[in-house]
Amino acid sequence: MKVRVDSQRCQGHTLCAMIAPNSFELSDMDGSSSAVSEVVPVDQEDQVREAAHSCPEQAIMITDEF
């Protein structure tokens, strides 16, 4: 599974980093989020899916393709 955060949509709500702290990091400058790694470890997939579902801006994109 791969994950990406659309920087144009992200408003820095930080929910993703609270739900999946090992998968998302926040910018010190504006609080916007980015993926720690594009490829999500199997043991973090459920948290990343929950983070994507919880994002108010729908800025997190998940793909199952490699």
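In which strand does serine 33 lie? Serine 33 lies in β3, residues 33-35. One caution before I go on: this is a predicted model.

Let's stay with serine 33. Is serine 33 buried or exposed? Serine 33 is buried, because its relative accessibility is 8% and the cut-off for buried is under 20%. Set aside the neighbours within four places in sequence, and serine 33 is in contact with Val5, Cys10, Cys16, Phe24, Glu25 and Leu26.

Next, serine 32. Serine 32 sits in the loop between β2, residues 24-26, and β3. Serine 32 has a relative accessible area of 19%, so it counts as buried, the limit being under 20%. What does serine 32 touch, not counting residues up to four places away in sequence? The answer is Cys10, Gly12, Glu25, Leu26 and Ser27. There is also a distance to note. Serine 32 and serine 7 are 25 residues apart in sequence, yet 7.2 Å apart in space, C-alpha to C-alpha.

Now the core. A general point to start: in soluble globular proteins, nonpolar side chains tend to be buried together. Here, the largest nonpolar core has 15 residues. Those with the most contacts inside it are Val3, Val5, Phe24, Val48, Ala51 and Ile60. Which elements give two or more residues to this core? They are β1 (2-5), α1 (15-19) and α2 (45-54). The most comes from α2, with 3 residues.

Take phenylalanine 24 from that list. Leaving aside neighbours within four places in sequence, phenylalanine 24 is in contact with Val3, Val5, Cys16, Ala17, Ser33, Ser34, Ala35, Val36, Val48, Ala51 and Ile60.

On to β1. Its covered face is Val3 and Val5. Its uncovered face is Lys2 and Arg4. How many bridges join β1 to strand β4, residues 60-63? There are 4, and the two strands run antiparallel. For valine 3, the bridge partner in β4 is isoleucine 62.

Cavities next. How many cavities of 30 Å³ or more does a search of the whole structure find? It finds 1. Its lining has 16 residues, and the closest to its centre are Cys10, His13, Thr14, Cys16 and Cys55. The volume is about 110 Å³. By class, the lining has 9 nonpolar, 6 polar and 1 charged residues.

Last topic: backbone angles. Most residues other than glycine have a negative phi. Two residues here go the other way. Threonine 14 has a positive phi of about 70°, although it is not a glycine. Threonine 14 is found in the loop between β1 and α1. Is threonine 14 buried, partly exposed or exposed? With a relative accessible area of 25%, threonine 14 is partly exposed. Remember that Thr14 is also among the residues closest to the cavity centre.

The second residue is glutamine 58. Phi of glutamine 58 is near 50°, again a positive value in a residue other than glycine. Where is glutamine 58? Its place is in the loop between α2 and β4. Glutamine 58 counts as exposed, because its relative accessibility is 54% and exposed means over 50%.

That's the tour. Over to you for discussion.

Methods. Residues are numbered from 1 along each chain as its sequence is written. This is a predicted model: local features need pLDDT of at least 70, side-chain atom pairs count only at pLDDT 80 or more; totals for chains, interfaces and linings use all residues. Side-chain values use heavy atoms; hydrogens and water are left out. On a 1 Å grid over the protein atoms alone, a cavity is a set of points where a 1.4 Å probe fits but cannot get out, and a pocket is an open set with protein on both sides within 12 Å along at least five of seven lines; lining residues have an atom within 4 Å of a point. Grid points are joined across faces, edges and corners, and a volume is the space filled by probe spheres set on the points. Ala, Val, Leu, Ile, Met, Phe, Trp, Tyr, Cys and Pro count as nonpolar, Asp, Glu, Lys and Arg as charged, and the others, Gly among them, as polar. A nonpolar core is a set of buried Ala, Val, Leu, Ile, Met, Phe, Trp, Tyr and Cys residues joined through side-chain atoms within 4.5 Å. Buried means under 20% relative accessible area, exposed over 50%, partly exposed in between (1.4 Å probe, protein chains only). Contact means heavy atoms within 4.5 Å. Two strands pair if DSSP finds at least two bridges between them.
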